[in-house]
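Please find below a colleague's note on the structure shown here. The points are numbered and may be read in order.

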Amino acid sequence: MNGIAIGVFLVALSTLLVELTLIRVFDVLWYPNIAYLVITLSMFAFGLAGVYSSLRPVDETSKLNNKIACLAILGGLFAVLLIPVLDHCPFDFKEIGRKTQESAIHFGIIYLFITVPFFLGGVILTSIFSKYSSRIQSLYFCDLTGAALGCIVLIPLLPLVGAAGLLFVACGLGFLIAAIFFQQRVFKGVAVLIGIGIIAYPFFRGEYIEFKPHINKRGFSTLSNKGTHEYSVWDPISKIDIVTYRRNFKWIAYDGGTQTSYYYSFDGDYGQLLEDVKTKPHRHFWGKVVLPSHYLKQNTRQEVLIIGSAGGQETKAALAYGASHVDAIELVGAVVELGRGKFDKYIGGIMNDPRVNARKGEGRSFLRSTHNKYDIIQMMSNHSSSSIAAGSGSLNTTYLQTAEAYTEYFTHLKEDGILHINHHIYPKMVATAALAWKRLGRSDFRKHVVVFEVPGVQDNLPTLLIKMSPWTEQELQDLMAFMTSANELVVNPLDPEKSFLSDDFFSGDFPKELEQKANYRIGPSVDDKPYFNFIRKGVSQVDIQPETFTNASVAKLLNSRLQDGVPRDTIHLYVTAVASLLFAAVFLFVPLLFSPVGKAKWESKRSFLAYFGCLGAGFILLELVFVQIFMKLIGYPLYTYSTVIFIFLFSAGVGSMMSEKFDMYAPRRWPIVFGGIAVSALFIMAVQTWYFDTFLTMHISVRIVAASVLIFPLGLFLGMPFPLGVLSVRHQVPGTIAWAWAMNGLFTVIGGFLSVILSVQIGFRATVLVAVVMYLVAGIFFKNIYHPRIAEG
């Protein structure tokens, strides 16, 4: 039995490792929302394995060992075969409609190879759970703890071997799993040797196995094919490629070109740099939009914080204008390491300058850990292209653009300090900042806000400058003289009539009527609903309408994401919704019509289906929402994601084991499980503000431990309902447990989709309450399927 438990552990580990690896691969080859779509649809195959197993049921007399061994090898081989398949079947979703047949064939092949490992992993687990149903609590412990470890190992292994290397690791694990289940010693030995050899291959190869690009993001594929590619590294946050672009700078491509930064060549002569700025600012910077705050504060020994310092252009600007100290914070550590090492001389040593503290970190987390006040806080188009870093690839959460974030910026600025942001959709930025301003008890916000924009075009980087003291006439004249003629002062605090933004945008009390009037989501963003970039209301073209606060930038941004009437930014949600309905019909009606368990008449069948559906949806709702909620405490997105998912799975595994030890199936004990879930979840929400404030300023390791301690009791209870449900139905018709697995898997995927929809519409706190209600309803259904005689026997 110990070998079976280890096998379950490794199957779960391998499956989650493949899932997370493919998310990172598709972030690079495609975009996060498409990666989310494909992986979500593939995960239906995990539950579909339960449907298959209900049609071909396994009972306690079945002989499975050699069959499971073969399935494990097959699953591993399909994982590694994804490498040549992705290279030879390029899929550009933007080509749909122009090369429909070719795109459909390539997508179909890719989807088939993705789903097979998940399907086979699901068949293995459902077969084992069905055969050894009396040991479900300990086996479920191995399943969850294996998945928990699979979530963690990605972080240290990805930089070492790359994403393709991790697929080799998954393949090798398939052979090691087979070695556990093979009954013949020769087969065991051969499988072990092959497995170890496959796992070792990417570690000793000496370089990454690279994927061929599918989409020519910002011309990255074209440049790479010209032989200008210099360096690659798979940072856990984003894959970084360095490409020689032009004579005076190197392109830093994040995730295959999804995001961009540059290492500008610089010889360290700041005097010449300032002369160049007058006539050719693009020689050293993205443009003059990087510089105005530094220009205004020049030679005042200003202290500067850069959030998202990337290739260092903002850091260089601060030094050029006489900053005494610069904290340069960058989420992707590889970019900092390359700037301080390999490309140090190329960029003039700016990241190793004694005045500069260049470090890997997350902006808000860094702010909470320091009591420093700055003359300038600057962010330039700062967001992550990584699904894992964001915690969700479905709708990118943007915690640097919420009212709570602006509150932290304002409280870390000096009395005359400047917040300098270049980011799209400035009307929404102003409304969000105004809410923070009001919460701090401040007034006359309009007198503190300046916005420059290139009029009439899609300016994705308008310049927002918020000064803690009111702007003066002289400062505005200096700004207008400094900025190029292309940048127009569209929000002038001394001439508000020329701005199309009404006073409501600056009040901090944004009216709902105005939100409804606008043809995009224009209201302020908050931590409970941090979807700043989710601005689309409909699927039609948006016109430039000053009366609805829609300028050229917003209209062109939204329209650029439409292709043949299909919104590329939200299409994944529509497809997932339709797919969920189709899969729900398959999962429900195919077993009902064709399987022994579906055809059999037995008590409380509807309650059985509803019970496992509630468990799947409720668990994933809590898991994904708590990833977002605990982002505020832990701060660093990747650490938050890894910590919350790991603790949820690990503690749930421990809870499954404890349910056996303490006999939670007993008649008077099982209600404690569902009550414990509700009390634990509500307790977290009740103490969240006080608890987070207590630990926010402490070291990241302390915050991770604090988060784990708070989540652990909830996880213990969450691990109990599934095995208790299996014990309730284990004596039903063969195939019942497999069907339970299928329903749980189906609603896990649907629940993941619902977590996005609900959190956008009602916020994270209310979504937690929905999940709690689901578990309480599950408790009612459990009462209907519960059989005390099983506990007694």
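The following points concern a predicted model and treat charged pairs, helices and backbone angles in turn.

1. The salt bridges as a set. Side chains of opposite charge can pair when their charged atoms come close. In this model, a search of the whole structure finds 19 salt bridges.

2. Lys239 and Glu210. These two side chains form a salt bridge, with an N to O distance of 3.4 Å. The pair joins distant parts of the chain, 29 residues apart: Lys239 belongs to strand E2 (residues 239-246), while Glu210 lies in the loop between helix H6 (185-204) and helix H7 (220-225). Lys239 has a relative accessible area of 5% and is buried. Glu210, at 33% relative accessibility, is partly exposed.

3. Glu408 and Arg364. A salt bridge also connects Glu408 with Arg364, and their closest N and O atoms are 3.4 Å apart.

4. Arg439 and Glu404. Helix H14 takes part in another such link, since Glu404 in H14 pairs with Arg439 in helix H15 (residues 426-439), 35 residues apart. Arg439 is partly exposed, with a relative accessible area of 48%. Glu404 counts as buried at 19% relative accessibility, because the cut-off for buried is under 20%.

5. A network of charged residues. Salt bridges also link Lys297, Asp416, Lys467 and Glu475 in a network.

6. The course of helix H5. How far does helix H5 (residues 136-181) span between its end C-alpha atoms? The span is only 18 Å, whereas a straight helix of 46 residues would span 68 Å at 1.5 Å a residue. The helix bends by about 105 degrees at Val161. Of the 46 residues of H5, 37 are buried, so the helix is largely enclosed by the rest of the structure.

7. Helices H28 and H29. The axes of helix H28 (residues 736-762) and helix H29 (residues 764-785) come within 7 Å and cross at roughly 130 degrees. The two helices are therefore oblique to each other. The crossing of H28 past H29 is right-handed.

8. Backbone angle at Asp255. Most residues other than glycine have a negative phi. Asp255 has a positive phi of about 50 degrees although it is not a glycine. Where does Asp255 lie? Its place is the loop between strand E3 (249-254) and strand E4 (259-264). Asp255 is buried, at 0% relative accessibility.

9. Backbone angle at Asp663. Asp663 is a residue other than glycine, and its phi is positive, near 50 degrees. Asp663 is located in the loop between helix H24 (637-661) and helix H25 (670-695). With a relative accessible area of 34%, Asp663 is partly exposed, whereas Asp255 is buried.

Methods
Residues numbered from 1 in each chain as written. Predicted model: local features only at pLDDT ≥ 70, side-chain atom pairs only at ≥ 80, totals over all residues. Heavy atoms only, no water. Salt bridge = Lys/Arg side-chain N within 4 Å of Asp/Glu carboxyl O. Helix = DSSP H or I, 4+ residues; strand = E, 2+ residues; numbered from the N terminus. Buried < 20%, exposed > 50% of the residue type's maximum accessible area, 1.4 Å probe, protein only. Expected span 1.5 Å × (residues − 1). Bend = angle between axes of the 7 residues up to and from the residue. Axes fitted to C-alpha atoms, helices over the stretch in contact; angles between N-to-C directions. Parallel < 35°, antiparallel > 145°, perpendicular 65-115°, else oblique. Left-handed = near helix turned anticlockwise from the far one by under 90°.
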